[in-house]
Amino acid sequence: MKRVAYIFCLFLMVLSSVFAKDSDREFRGVWIATVDNINWPSKQGLSIEDQKKEFIDILDEIKSLNMNAVIMQVRPTADRFYGKVTKEPWSKYITGEIGKNPGYDPLEFFIEEAHKRNLEFHAWFNPYRITLKKNEEIAKDHIARKNPEWVIQYDGKLYYDPGNPKAREFTENVIVDVVKNYNIDGVHMDDYFYPYPVLDKNKKVVPFGDDKTYKLYGKDLSREDWRRKNTDTFVRELSKKIKKEKPYVKFGISPFGVWRNNDKDPTGSATRAGAENYDTLYADTRNWIKNEWIDYIVPQIYWDFNLKVAQYDILVDWWINEVKDSNVNLYVGHAAYKIDTTKAWKNEKELIEQIKYNRKTKAVQGSVFFGFDKIQKNSLNIKDNLRKEVYQNQALPPRTPWIDEIPPKPVTNLSGKITKDGILLTWDDPANNYSDYYAIYRSTNKDFEGVSSEYILGTVKRKYGLKYLDKTVEKGKSYYYKVSPVDKVHNEGEVKAKVFFKK
């Protein structure tokens with residue numbers, strides 16, 4: 001950029017306490033799947049440099065779309081993408097060989113690069129799946145081999161038994177060890193607890209072989225209620241362990257989009273889905289919300305507005321009612337992977353209209369997209385439509401006041417100077433202020449008072465310095481800036497200073 005001549009003047013002005021409105025907040029996340037190399041790395045055995053470049057390209061794309069979170073799969077099949085927790089083998093999806101050290105710590109790298117862009121990083125774990133495909137080999141020293149009583153084979157695939165307390169506790173402790181050793185912002189799981197049912201050649205459900213553990217631990221419960229209790233126990237225990245270790249780490253789950261059809265339960269949704277959380281996967285999502293064991297829930301509402309058996313808006317409204325008056329944030333999981341497939345998804349505005357529908361109420365506080373490759377490829381102009389119609393501005397993620405609601409103190413000594421690359425803002429912030437990052441606001445209107453998303457110029461992590469370079473200034477314009485501190489759970493501090501640059 002050419003150097004622009006400005007007359008610089010700086011003034012400080014005390015404002016009334018101004019906070020970003022919650023209506024301006026929105027969780028905008030993307031799932032990055034590593035299982036079977038769906039999203040990253042593109043194939044097994046890439047060089048470290050190529051692996052890192054692919055991930056950086058993904059993050060840059062996410063940031064360019066004004067999104068603010070990445071949900072990265074770090075334990076897809078009882079394996080690992082991290083070096084500091086060694087109870088399970090390195091994932092073959094990195095190097096192509098089970099147990100082979102990739103030569104660096106991928107999770108450490110993921111977190112560092114996400115935080116450089118001030119993207120929230122949620123570590124995504126699969127709790128029970130050991131193998132993805134039939135008759136797949138596992139490492140010779142795998143803990144599942146050492147504890148065969150923990151394992152159930154189902155349809156030729158291996159799973160930790162959710163009804164075995166030791167297997168369940170092992171998974172909990174693996175996840176908590178990651179929380180302990182890495183600077184993650186959230187722990188995330190999707191819909192895989194008990195496996196989806198498999199049908200035999202006669203179209204009958206193949207039983208999941210947990211007879212032995214049911215006899216040991218089922219007591220007076222039906223098998224179905226016992227299985228739901230096992231899933232509840234896992235969610236409850238894991239939640240307690242996460243919060244004991246790091247209270248600010250958010251815990252979220254993304255279940256299948258239907259809890260129960262209302263032909264089975266009148267309080268269920270007006271749907272006729274072929275699978276249900278409660279009856280098929282033994283996951284009573286209602287109970288998790290009611291007991292507030294989780295901080296957020298992301299139902300996978302992977303259907304369109306016109307699919308009568310599972311209609312998008314009907315399901316969104318049902319989930320809104322479920323989280324009403326609870327300390328659980330509701331985000332919606334969207335089927336970006338379906339773009340340009342069926343007739344409904346050949347409508348390039350289907351996903352955009354879903355986001356707009358979510359915004360009709362404050363109860364839906366964001367979106368998460370599965371099928372990031374479709375967004376990267378701009379299938380049916382989805383990338384362009386996101387930028388132009390719904391993600392024109394940046395947004396801070398929603399708050400979680402039940403974790404903490406005390407904002408950081410204001411920054412001080414806000415100042416700036418002209419450089420050859422733009423306007424460099426600097427400020428001071430006490431070391432004990434608990435600021436995690438800063439939101440920088442800009443307007444050409446000297447009277448701008450709010451700190452709403454329409455004015456967000458950018459955000460920057462505290463660890464990368466108390467400064468921000470605005471490279472987008474134009475000759476002949478005046479700019480007004482504000483900077484506010486924000487903590488790990490997105491409580492935003494008061495703005496008490498404004499910087500003014502005039503030509």
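These exercises, each with a worked solution, explore a predicted model.

**Exercise 1. Helix 5 and helix 7**

Find how the axes of helix 5 and helix 7 are arranged, and which residues meet.

Solution. 
- Start with the two elements. Helix 5 covers residues 165-181, and helix 7 covers residues 223-245.
- Take the distance and the angle. The axes come within 10 Å and cross at roughly 25°.
- Classify the angle. Angles under 35 degrees count as roughly parallel. Helix 5 and helix 7 are therefore roughly parallel to each other.
- List the contact. Helix 5 brings Arg168, Glu169, Thr171, Glu172, Asn173, Ile175, Val176, Val179 and Lys180. Helix 7 brings Asn230, Thr233, Phe234, Glu237, Leu238, Lys241, Ile242 and Glu245.
- Sort the residues by class. The contact of helix 5 with helix 7 has seven charged, six nonpolar and four polar residues.

**Exercise 2. A cis peptide bond**

Find the form of the peptide bond from Trp40 to Pro41, and place Pro41 in the chain.

Solution. 
- Look at omega. For the bond from Trp40 to Pro41, omega is near -20°. This peptide bond is cis.
- Locate the proline. Pro41 sits in the loop between strand 2 (27-32) and helix 1 (48-64).

**Exercise 3. Aromatic pairs**

Solution. 
- Begin with the overall count. Searching the whole structure gives 38 aromatic pairs.
- Take one of them, Trp40 with Phe55.
- Trp40 is in the loop between strand 2 and helix 1, while Phe55 is in helix 1. They are 15 residues apart, and the pair links distant parts of the chain.
- Check the cover. Trp40 and Phe55 are both buried.
- Move on to Phe55 with Phe110. This pair is tilted, at 4.6 Å centre to centre and 40° between the planes.
- Compare the positions. Phe55 lies in helix 1 and Phe110 in helix 3 (residues 106-116), so the pair ties together parts 55 residues apart in sequence. Both Phe55 and Phe110 are buried.
- Widen the view. One aromatic cluster is formed by Trp40, Phe55, Phe81, Tyr104, Phe109, Phe110 and Phe121.

**Exercise 4. The surroundings of helix 3**

How many of the 11 residues of helix 3 are buried, and what do they pack against?

Solution. 
- Count the buried residues. Eight of the 11 are buried, and helix 3 is mostly covered.
- Name them. They are Pro106, Leu107, Phe109, Phe110, Ile111, Glu113, Ala114 and His115.
- Find the neighbours. The buried residues of helix 3 pack against helix 1, helix 2 (92-95) and helix 5. They also pack against strand 3 (69-75), strand 4 (120-125) and strand 15 (456-461).

**Exercise 5. Helix 11 and helix 10**

Describe the cover of helix 11 and its crossing with helix 10.

Solution. 
- Start with helix 11, residues 350-358. Seven of its nine residues are buried, and the helix is mostly covered.
- Name the buried ones. They are Glu350, Leu351, Ile352, Gln354, Ile355, Tyr357 and Asn358.
- Find what they pack against. The partners are helix 10 (312-323), strand 10 (329-334), strand 11 (364-369) and helix 13.
- Turn to helix 10. The axes of helix 10 and helix 11 come within 11 Å and cross at roughly 30°. That makes helix 10 roughly parallel to helix 11. The crossing of these two helices is right-handed.
- List the contact. Tyr312, Asp313, Val316 and Asp317 of helix 10 meet Gln354, Tyr357 and Asn358 of helix 11.
- Sort it. The contact of helix 10 with helix 11 divides into three nonpolar, two polar and two charged residues.

Terms used
Residues are numbered from 1 along each chain as its sequence is written. This is a predicted model: local features need pLDDT of at least 70, side-chain atom pairs count only at pLDDT 80 or more; totals for chains, interfaces and linings use all residues. Side-chain values use heavy atoms; hydrogens and water are left out. Axes are lines fitted to C-alpha atoms, for helices over the stretch in contact, and angles run from 0 to 180 degrees between N-to-C directions. Helices (H or I, at least four residues) and strands (E, at least two) are DSSP runs, numbered from the N terminus. Angles under 35 degrees count as roughly parallel, over 145 as roughly antiparallel, 65 to 115 as roughly perpendicular and the rest as oblique. Contact means heavy atoms within 4.5 Å. Ala, Val, Leu, Ile, Met, Phe, Trp, Tyr, Cys and Pro count as nonpolar, Asp, Glu, Lys and Arg as charged, and the others, Gly among them, as polar. Rings of Phe, Tyr and Trp (its six-membered ring) pair if their centres lie within 6.5 Å; planes under 30 degrees apart count as stacked, over 60 as edge-to-face and the rest as tilted. Buried means under 20% relative accessible area, exposed over 50%, partly exposed in between (1.4 Å probe, protein chains only). A crossing is left-handed if the near helix is turned anticlockwise from the far one by less than a right angle, and right-handed if clockwise.
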